[in-house]
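Please read it alongside the sequence and the coordinates.

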Amino acid sequence: MKRIFTLLSTILVALTSYAQLEITDEQGNVIENGGTVEFKAEVLDLGGGFVILECSPAVPYLTNKGASSANLTVTVTRTEADKLTWCGITTSCLPMTTLQEVRSASLGAGQKTPLQLHADFESGQYATYTAEVTARLGSDTKSFTIKFVYADPNGIQSAQANQTIRYNGQALQYHAIRPAILNVYSTAGRLVKSERINGDGNLNLNDLNQGVFMYEVVSGGVRTASGKVLVK
Amino acid sequence: MNTIYKWFLLILVLLGFCACDEVDEADRFTGPVEFVPKKNVLIEDFTGQRCLNCPVAADAVHAMQATYGADHVIAVAIHGGPRSLPVSSGAGLALPEGETYHTFWGVSSWPKGLVDRGGGWSTPSEALLEYTSWSAAAVKRLQKEPAVDLTLNNTYDAETGQLTMQVDIKANQAITDGYLQVWLTESGITAYQDMPDGSHNREYVHDHVLRAIVNGQWGEAVALNATDDTHTLSYTYALGDHPTWKADKMAVVAFVYSKTGGVLQVIDSPVVQ
């Protein structure tokens, strides 16, 4: 009897060590391995002219579809420019101070837990933050990308993590965290303006004819941002 | 695969029943041990309106108060840190003094809390606890004999908006490094709060929010050199200077603490009697 019990226990442990991880969005749609999910920042008016920027989704949800509890380990990797706070998996909201953070928790059979990764955008500094997420539940591993987008509502903006460019109707306002060159081209491809940028500043477009212009930011020989503006 | 798994599980369960011991009815465990609190406990809940998990910690505090009594578990929500909104914004609950507390205690993730300031501390951050540990820590502290006895009498003049407080302290043992701290709190504040499900609740009800510090950031020293030594301290506060505060939702919280003993005793009393 003892040997049968031992054998059955061993087989049961082997069976139950197989856990199945499912990642879903708010509507319950499955986010496939290698997929991307995007969240947009929203401006909330709390009254008295005080506004806050929120990009704090609870989702994606990570669900244990297996028949028994398993350990869930989630790794989030960001770039230096991405300011993120992580509230999920464990019980603490913690601003990410390192480029990679790992959190673990036990996830029961059928239980789901929210990722709760948030973008800490600064008002007026339009940007896109990107995080790579890898989740492992037992022997099942899935990875996906999260993009947090804070878009300029007044212009056509290109999403970029390292610089932010905003057209305020008269100039391209830039925020560059490292030296770069800001070039502006006509639709015919002619370079009409070029300026070295670093930090915060403006490139005046008031002296250009009306029309659509393309801009790019080049840093270290690599284009790091691009977009279009309509000069009226 | 599922069918095979279910059969194995059934067989294991049946085998498990063969291994049960018979326990006499008189020896069976019937539940948590009950006790009568000997002292009150202070929960300092470091929180923020943009902290998704913080409402869960607030619920944990309410549960503790329901179990052990709100007069024995005295909670103060101290807003601060990057997940909070400053009171200067008009929509926030974080005082500059609250930020000072967050910094001193080394709060770097939220929610975090102190239960009787850890019963004493050698470094501030060692006293911090995750909210999941608050109940167990409180149970231990509730059963300790209080080193001091406190009584608190408030008088509020609604016409002048003047609040007068008198705190009487009696030592049950010698305390040479004690401080008396007096705070004002307000409950029932409807304000913005990020929720665990990611929603933005503009009508969240905040309770036990630290509104003011009456006697200095860290209180004032009270030397109680021998058993039965007493001190009486009186304070006034102009509640009328804060028209948005609701006096009938406010309370005075007074506690004596020391670095070696943590919070030795705490008491609260409504502003409007």
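Where in chain B is the place of B:His208? B:His208 sits in the loop between β8 (200-206) and β9 (209-213) of chain B. Helices (H or I, at least four residues) and strands (E, at least two) are DSSP runs, numbered from the N terminus. This is a predicted model, in which local features need pLDDT of at least 70 and side-chain atom pairs count only at pLDDT 80 or more, while totals for chains, interfaces and linings use all residues. Residues are numbered from 1 along each chain as its sequence is written, and chains are lettered from A and ligands numbered from 1 in the order in which they are written.

**Backbone geometry**

- Most residues other than glycine have a negative phi, and most peptide bonds are trans.
- B:His208 is not a glycine, yet its phi is positive, at about 55 degrees. B:His208 is also buried, with 28 other C-beta atoms within 10 Å; a residue is buried if 20 or more other C-beta atoms lie within 10 Å of its own, exposed if 12 or fewer, and partly exposed in between, with C-beta atoms placed from the backbone.
- B:Arg117, another residue other than glycine, has a positive phi near 50 degrees. This arginine is found in the loop between β3 and α4 of chain B and counts as buried because it has 22 C-beta neighbours inside 10 Å.
- The peptide bond joining B:Trp110 and B:Pro111 is cis, with omega about -5 degrees. B:Pro111 belongs to the loop between α3 (96-104) and β3 (112-115) of chain B.
- In chain A, the peptide bond from A:Val59 to A:Pro60 is cis, with omega near 5 degrees. A:Pro60 lies in the loop between β4 (51-54) and β5 (61-64) of chain A.

**Chain A: composition and domains**

- Chain A has one helix and 18 strands.
- Of the 232 residues in chain A, 29% are buried.
- Two residues are in contact if their C-beta atoms, placed from the backbone, lie within 7 Å. Among contacts in chain A between residues at least 6 apart in sequence, 64% join residues at least 24 apart.
- Chain A is divided into domain 1 (17-150) and domain 2 (156-231), with bounds that come from an automatic or database domain assignment. The C-alpha centres of these domains of chain A lie 32 Å apart.
- A:Arg166 is located in strand β14 (residues 163-167) of chain A and counts as buried, with 21 C-beta neighbours inside 10 Å. The C-alpha atoms of A:Arg166 and A:Tyr126 are separated by 7.2 Å, although the two residues are 40 residues apart along the chain.

**Strand pairing**

- Two strands pair if DSSP finds at least two bridges between them.
- In chain A, three strands form an open antiparallel sheet in the order β8-β7-β11. Its edge strands are β8 and β11 (117-119) of chain A, each of which pairs on one side only.
- Strand β7 (residues 84-86) of chain A pairs with β8(A) in the antiparallel sense over two bridges, and A:Trp86 stands opposite A:Leu94 in β8(A).
- In chain B, strand β6 (residues 175-186) is largely enclosed by the rest of the structure, because nine of its 12 residues are buried.
- β6(B) runs antiparallel to strand β12 (residues 250-258) of chain B, and eight bridges join them; B:Gln181 has B:Phe255 in β12(B) as its bridge partner.
- β6(B) also pairs in the antiparallel sense with strand β10 (residues 220-224) of chain B over four bridges. There, B:Leu224 in β10(B) is the bridge partner of B:Ile175.
- Four bridges likewise link β6(B) to β9(B) in the antiparallel sense, where B:Trp183 stands opposite B:Ile213.

**Helix packing in chain B**

- The axes of helix α2 (residues 54-68) and helix α4 (residues 134-142) of chain B come within 10 Å and cross at roughly 35 degrees; axes are lines fitted to C-alpha atoms, for helices over the stretch in contact, and angles run from 0 to 180 degrees between N-to-C directions.
- B:Ala60, B:Met64 and B:Tyr68 in α2(B) meet B:Trp134, B:Ser135, B:Ala138 and B:Leu142 in α4(B).

**Interface between the chains**

- The contact takes 24 residues from chain A and 26 residues from chain B.
- α1 (2-16) and β8 (94-95) of chain A are the elements that give two or more residues to the side of chain A that touches chain B. α1(A) gives the most to that side, with six residues.
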